[in-house]
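This briefing is meant for a reader who is meeting this structure for the first time. Please look over the sequence and the model below before reading on.

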Amino acid sequence: MSSTDNPTGNFESAAANGSAEVAQFDEPSRSFVKSVQYALHVHPALIPLIILVLSVAGFGLVLGQRFFSPFALTLILQQVAIVGIVAAAQTLVILTKGIDLSVGAIMVLSSVIMGQFTFRYGFPPEIAILCGFAVGGLCGLISGVLVAVVKLPPFIVTLGMWQIVLASNFLYSRNETIRAQDIEANAPILQFFGESIRFGGAVLTYGVIAMVLLVAVLSYLLNNTAWGRHVYAVGDDAEAAELAGVRVKRTLISVYVVGGLICALAGWVLIGRIGSVSPTAGQFTNIESITAVVIGGISLFGGRGSVMGALFGALIVGVFGLGLRLMGTDPQWTYLLIGVLIIGAVALDQWIRRVSA
Amino acid sequence: MSEKFVLQAKGLVKRFGRVVALDHADFELRAGEILAVIGDNGAGKSTLIKSLSGAMAPDEGEILLEGEKVHFSSPMAARNAGIETVYQNLALSPALSIADNMFMGREIRRPGLLGKAFRMLDKKAMDGVARRKLSELGLMTIQNIRQPVETLSGGQRQGVAVARAAAFGSRVVILDEPTAALGVKESRKVLDLILGLRAKGLPVVLISHNMPHVFEIADRIHIHRLGRRIALINPKDHSMSDAVAIMTGAMAPPQSQAA
Amino acid sequence: MKKCLLASACGAVIAGLVATGPATAQDSILACLITKTDTNPFFVKMKEGAERTAIELGVELRSYAGRIDGDHESQVQAIESCIADNADGILITASDTSSIVSSVRQAREAGILVIALDTPLDPLDAADATFATDNFLAGELIGRWAAATLGAEAENARIAFLNLTPAQPTVDVLRNQGFMSGFGIDIGDPNVIGDEDDPRIVGHDVTNGNEEGGRTAMENLLQRDPMINVVHTINEPAAAGAYEALRAVGRENDVLIVSVDGGCPGVQNVIDGAIGATSQQYPLQMAALGIEAIAAFANDGTLPEPTEGKDFFDTGVQLVTDAPVDGVPSIDTAEGMDLCWG
């Protein structure tokens with residue numbers, strides 16, 4: 001408009017101004033992208049956190065009170081508690097450049113052990129719970145030794161363990177479900193994580209609290225202890241870590257054992273959530289945990305990401321799950337969107353890693 | 001003959017199946033010197049270095065550290081004995097920070113309950129030491145000690161690895177091909193770092209293919225061929241082409257210097 | 001001949017033959033049982049029924065199963081193995097009722113009698129016969145029971161549907177639409193869940209037929225309408241999960257949960273009041289009848305006949321409840337416990 005107003009006007013100066021503006025815009029924008037890349041590199045949980053906040057806000061706007069209420073928001077926490085806990089275990093393993101396909105199976109076997117030891121053999125439930133943890137830890141130990149000492153690929157080891165643990169679960173449990181009412185009457189401590197604290201509309205089950213505490217503790221361990229630094233180093237470059245003086249085998253084995261113990265905890269929380277002990281539960285937990293971890297910005301190539309990210313990843317899936325259901329969409333849309341998020345997250349991971357190039 | 005060496009190996013033998021990688025190899029490192037180890041590919045240099053740095057156990061022979069027989073079961077054992085090695089791949093974790101890398105495997109914990117019961121790391125102390133070590137080596141172009149190693153240039157990474165070795169190596173520093181992946185300017189910097197180590201009194205073992213670099217900074221040159229040391233020469237007495245000829249078998253090793 | 005075969009004496013003779021000599025393909029009858037999984041108690045019971053009858057009749061039985069519900073690949077492989085084995089008959093509960101048809105056709109072309117158990121194939125006549133629960137009737141029974149229990153309040157009911165999977169498998173559709181029809185809801189297209197516009201429907205969600213899925217789905221639907229007072233569930237584990245969700249918000253006593261299956265834990269839940277009523281099906285019966293049919297076919301080529309008035313052989317379904325209502329036939333939980341499976 002201004003150029004037509006003064007046809008004799010100095011195009012030159014206008015052009016000069018224009019180019020200066022462009023140049024000015026161009027440079028900060030480039031460095032802005034770079035600094036975003038760098039920020040994400042240092043804080044890989046940032047993107048999932050942003051997606052989480054945006055999706056909560058988005059669904060809140062569309063659905064109003066039905067979604068944006070203390071009750072509904074804490075409900076999402078309850079719904080993701082199990083996957084969140086298992087995803088924490090998965091995070092540890094994936095940080096070491098591994099993957100654990102057996103997490104869901106270990107969780108279910110541990111819950112079955114806790115239930116059956118109480119009801120079949122009459123153990124005090126507290127002892128049965130310890131046995132469940134022991135079995136979870138043992139499963140992890142086997143995987144860990146096979147990965148660290150025998151040097152088999154984690155994918156193969158845990159693929160095998162998945163089948164073995166799941167089959168043991170079905171053989172041992174004889175496909176029997178222990179009903180919620182029986183547990184409540186005879187061994188209520190098995191349902192401990194189903195108890196809840198309420199304030200206002202918010203409901204926090206002990207399972208949710210356990211998940212949050214677990215993530216906090218793991219976050220601390222990973223960032224502020226030598227063990228945590230070693231976990232990252234092993235995943236980043238195991239050979240380099242070994243040469244730098246990290247006891248790689250011990251670190252790997254410890255990761256799988258801790259992973260197994262966390263899965264056992266998830267098994268206990270599972271009993272609290274579904275009330276009963278069911279050997280057919282948790283069939284998709286391994287995939288769901290990997291989904292949460294990937295969406296949470298943890299690199300499948302090891303050494304990068306934070307356990308907070310996995311929690312955010314699990315929550316994103318939970319938010320989309322509840323939000324889309326409240327909107328009345330076909331459940332397939334949830335899976336479709338989660339698929340998009342997974343691919344987006346991995347693409348982003350690749351981009352972030354390029355900061356080093 | 002009765003000279004006391006900092007690090008010495010006698011008659012090392014290492015076989016891989018039918019391949020003899022070390023064939024009664026000897027090795028001597030004097031106090032305060034830069035000893036270069038050169039040899040053709042497959043001559044057994046890396047096997048020798050791995051034996052000295054604990055990454056591999058020789059089948060026969062003995063290793064003496066300041067006159068005492070030692071057996072290193074792991075790199076960590078050699079390291080605890082004061083032998084630091086900078087491997088060709090640097091053994092750094094790219095995603096971790098400079099400070100994390102410098103203290104990998106020997107982190108400092110917080111004093112008191114936090115460290116004992118909660119195993120909390122003393123990040124402040126570690127950052128401080130790392131910063132000091134890097135500036136000692138003139139590497140403080142790096143501003144942020146918590147910066148991931150992968151954001152550094154090749155020379156800077158080498159610098160971090162050397163700084164780590166210098167920080168903890170109380171007796172010997174071994175450098176495997178420290179300039180192989182670097183440009184001219186960065187190589188210069190690393191060579192200065194090595195000279196700096198010698199100036200501090202630390203003996204250095206330098207494995208390199210780069211003859212100009214070797215001849216520039218080495219006090220003596222250990223020539224490895226067919227699994228054993230065939231010559232030990234002074235760079236002032238021999239030319240680069242002599243060294244290469246001995247190394248490749250085109251020239252007979254000078255007898256007088258061999259012992 | 002057929003009567004003789006069903007008599008145990010005759011069966012013993014055949015069993016003896018099988019046991020004494022190296023039986024060739026001609027003298028021993030070989031039956032295959034292919035189930036969706038071998039972990040679901042329903043199929044475990046089915047296998048038990050097949051095994052028992054097979055021993056009685058001297059039929060050799062090979063059992064196959066998918067790894068998880070929906071594992072179509074393994075079932076195709078199983079059919080191929082049975083064809084290679086020269087089996088006389090195949091009993092199959094198909095995971096994918098239409099995709100399996102081409103494999104089933106191959107088997108039938110090889111002269112094998114194929115009987116669909118529990119789940120009809122799509123199209124239904126792709127199998128020689130179907131021995132199944134009338135799932136529509138199963139749904140209808142609990143629908144009628146729920147409507148009658150609510151009485152006049154049925155007009156204002158708030159109903160949640162906890163279905164199986166997003167793919168809407170046949171059994172899911174039949175039970176869901178059966179319930180609606182029994183409850184008095186206009187079902188629109190009987191092959192589709194979700195095309196109804198009755199305002200009493202709060203919504204549908206999927207459970208994968210397990211406790212965790214049941215609980216999550218119930219929570220989701222309660223979030224859409226906290227005043228839900230009738231819950232239709234695809235099976236009893238889903239019902240147990242829904243009950244936990246209701247208990248968490250203190251509504252377990254004023255919501256009517258109905259279900260289908262009749263497994264022992266399910267019937268126990270009816271006794272305990274967690275489930276109001278459940279339609280009980282009889283997997284053992286299905287498998288036993290299936291083996292008998294294969295034996296008959298192998299001996300004289302007799303093909304099984306469908307139940308009169310239906311296009312499949314109805315293996316029966318009964319409503320189990322301790323709160324019977326007029327006009328809906330039912331059995332009490334004591335009898336339900338006697339007949340339960342798993």
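In this predicted model, chain B holds an open sheet of six strands, which follow the order E6-E7-E8-E3-E9-E10 and have mixed pairing. At the edges of the sheet stand strand E6 (83-86) and strand E10 (228-233) of chain B, and because each has a single partner strand, one side of each is left without a neighbour in the sheet. On average, and with direction ignored, neighbouring strands of this sheet are turned by 20 degrees against each other.

**Helices on the sheet of chain B**
- Helix H1 (residues 45-53) of chain B packs on the sheet, where it touches E3, E6, strand E7 (172-176), strand E8 (204-207) and E9 of chain B, and its direction makes about 150 degrees with that of E7(B).
- Helix H9 (residues 240-248) of chain B lies across E3, E9 and E10 of chain B and runs at about 25 degrees to E9(B).

**A strand pair within the sheet**
- Strand E3 (residues 34-39) and strand E9 (residues 220-225) of chain B run parallel and are joined by five bridges.
- In this part of chain B, B:Gly39 stands opposite B:His224 in E9(B).

**Confidence of the prediction**
- For the complex, the predictor gives an ipTM of 0.82 and a pTM of 0.80.
- Chain C has an average pLDDT of 87, and 92% of the residues score at least 70.

Methods
Residues are numbered from 1 along each chain as its sequence is written. Chains are lettered from A and ligands numbered from 1 in the order in which they are written. This is a predicted model: local features need pLDDT of at least 70, side-chain atom pairs count only at pLDDT 80 or more; totals for chains, interfaces and linings use all residues. pLDDT is the predictor's confidence in each residue, from 0 to 100. Two strands pair if DSSP finds at least two bridges between them. Helices (H or I, at least four residues) and strands (E, at least two) are DSSP runs, numbered from the N terminus. Axes are lines fitted to C-alpha atoms, for helices over the stretch in contact, and angles run from 0 to 180 degrees between N-to-C directions. Two residues are in contact if their C-beta atoms, placed from the backbone, lie within 7 Å.
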